[in-house]
Amino acid sequence: MPKIKITGGRKLSGTIPISGAKNSVVALIPAAILCDETATISNVPDITDVDDLENILTHLNARITRTTGKVEINSSDIINKEITAELSKKLRASYYFMGALLGKFKKVDMYFPGGCSIGERPINLHLKGFAALGAKITEEDNHFIIEADKLKGTNIYLDFPSVGATINIILAAVKASGRTIIDNAAAEPEIVNIATFLNNMGAKIKGAGTSTITITGVKYLHSCFHEVIPDRIEAGTYLILASLIGENLKIDNIIPNHLEALIAKLTESGVDMEVGIDNIVVKGSHDRKPISIKTLPHPGFPTDLQQIMATYMTQCRGSSIIEETIYENRFQNLYELEKMGATFKIRKDNKKATIKGKIKLKGAKVSSTDLRGGASLVVAALIADGTTTISNISYILRGYDRIVEKLTNVGAKIEII
Ligand code: EPZ
């Protein structure tokens, strides 16, 4: 199995260009089947989640043309058949075919989605939304058949501002008759990107980015061109790395406003950075003060960056705190960091961790536990003494476009072996 090998301790300088957002493109591609003509999406990252979605579209006989950074999708010949367990389980975002196929054909036949094992991750809120729109749900052994004679707009209150449920309900409601209002909706930037995409096709969606979203159903969605927003989690990963070992390191092609919580925390810890219109430059090393973070839905601190922040916290002068409020099991990477010399305590309920600093990390053999856990090990290996090998890298390649090339270009010693 391929591994990532890193020799750490080298200062990094230059520019890291950020790619399109994984958590946006994985919703845009399934949503494209709602288009009654051809949808073109640009700034598409080269990650394996996109490959897996392409395989599902091909399985459904949709026409997908992929070139570097771009996909064109035409679903006029699509066949609405079962999406096999094998295809469904490849990634979490396969669940967006539930909303898209239900919205287009009023029927979908697929299995429970895959995704990183960082918690239970049920889809009850998605199903509750589909049922409220008039769909009947049959489930047996994680095999779902969801169908409706008619989808009718209604008011839906989400018990939790779930990203996936908000997007899936939008996909099912965009062609339903009448108006749907989602209350306590998620407000992540990816929600705004998907609403803009559908509105570019002629949909009527208002309030994306706030906790109340209104969708007025339409009959027809025409062709459109749409650009994926920059990946705020990829950008945050490299900004944390820059705050540890960067010397005039620029993180480029970003929307700084999407990183507000992280910028505030790193600044509080003492990191000196220059925030530009679409980039951030981190000058040099700092006296890092310990900090505490609590993960929350956007605009709170993103749970997808907490594991990488744990690596940062091993380099702070004193103990830092992480409170994880979104997932029940997102501290597994700490046990891998421990092999590199990190020390920490996790509270019994697995919701809070105390990370000790300042620690000299050393190279070791470690394994990715999930996508962001893997990224936390790459950052640790780049600051550690000696050489580290990281296994289970398929997790990392699911969400980081050209990671070896981007890091090599700023002076890192990293390779896939
Ligand atoms: C999206 O997952 C992202 N994935 C996740 O990123 C991210 O961590 C998460 O949003 C929160 O920001 C994609 O976009 C593909 P949720 P999603 O529904 O949609 C519970 C990464 O590293 N919940 O907002 O699955 C759920 O169990 C990944 O890129 C229910 O209980 O997240 C979780 O505890 C990891 N019932 C919480 O809500 C439901 O029906 C947040 O889930 C749905 C969710």
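Q: Which backbone oxygen lies 2.9 Å from a polar atom of the Thr210 side chain?
A: The one of Thr212. This is a predicted model, so that distance is computed from the predicted coordinates.

Q: What else does the side chain of Thr210 reach?
A: The backbone oxygen of Gly207, at 2.6 Å.

Q: Where does Thr210 lie?
A: In a loop, with β11 (204–206) on one side and β12 (212–216) on the other.

Q: What is Thr210 in contact with, leaving aside neighbours within four places in sequence?
A: Ala185, Ala186 and Ala187.

Q: Changing topic: which residues touch the most other members of the largest nonpolar core?
A: That core has 78 residues, and the ones in question are Ile29, Phe97, Ile146, Leu171, Phe197, Leu198 and Ile205.

Q: Which helix gives the most to this core?
A: Helix α6, residues 163–173, with seven residues.

Q: What does Ile205 touch, not counting residues up to four places away in sequence?
A: Ile170, Val174, Ala195, Leu198, Asn199, Ile213, Thr214 and Ile215.

Q: What about another core, apart from that one?
A: There is one of 71 residues, including Ile6, Leu244, Leu262 and Ile293.

Note on methods
Residues are numbered from 1 along each chain as its sequence is written. This is a predicted model: local features need pLDDT of at least 70, side-chain atom pairs count only at pLDDT 80 or more; totals for chains, interfaces and linings use all residues. Side-chain values use heavy atoms; hydrogens and water are left out. Helices (H or I, at least four residues) and strands (E, at least two) are DSSP runs, numbered from the N terminus. Contact means heavy atoms within 4.5 Å. A polar contact is a pair of N or O atoms within 3.5 Å; within protein, one must be able to donate a hydrogen and the other to accept it, and residues adjacent in sequence count only if both atoms are side-chain atoms. A nonpolar core is a set of buried Ala, Val, Leu, Ile, Met, Phe, Trp, Tyr and Cys residues joined through side-chain atoms within 4.5 Å. Buried means under 20% relative accessible area, exposed over 50%, partly exposed in between (1.4 Å probe, protein chains only).
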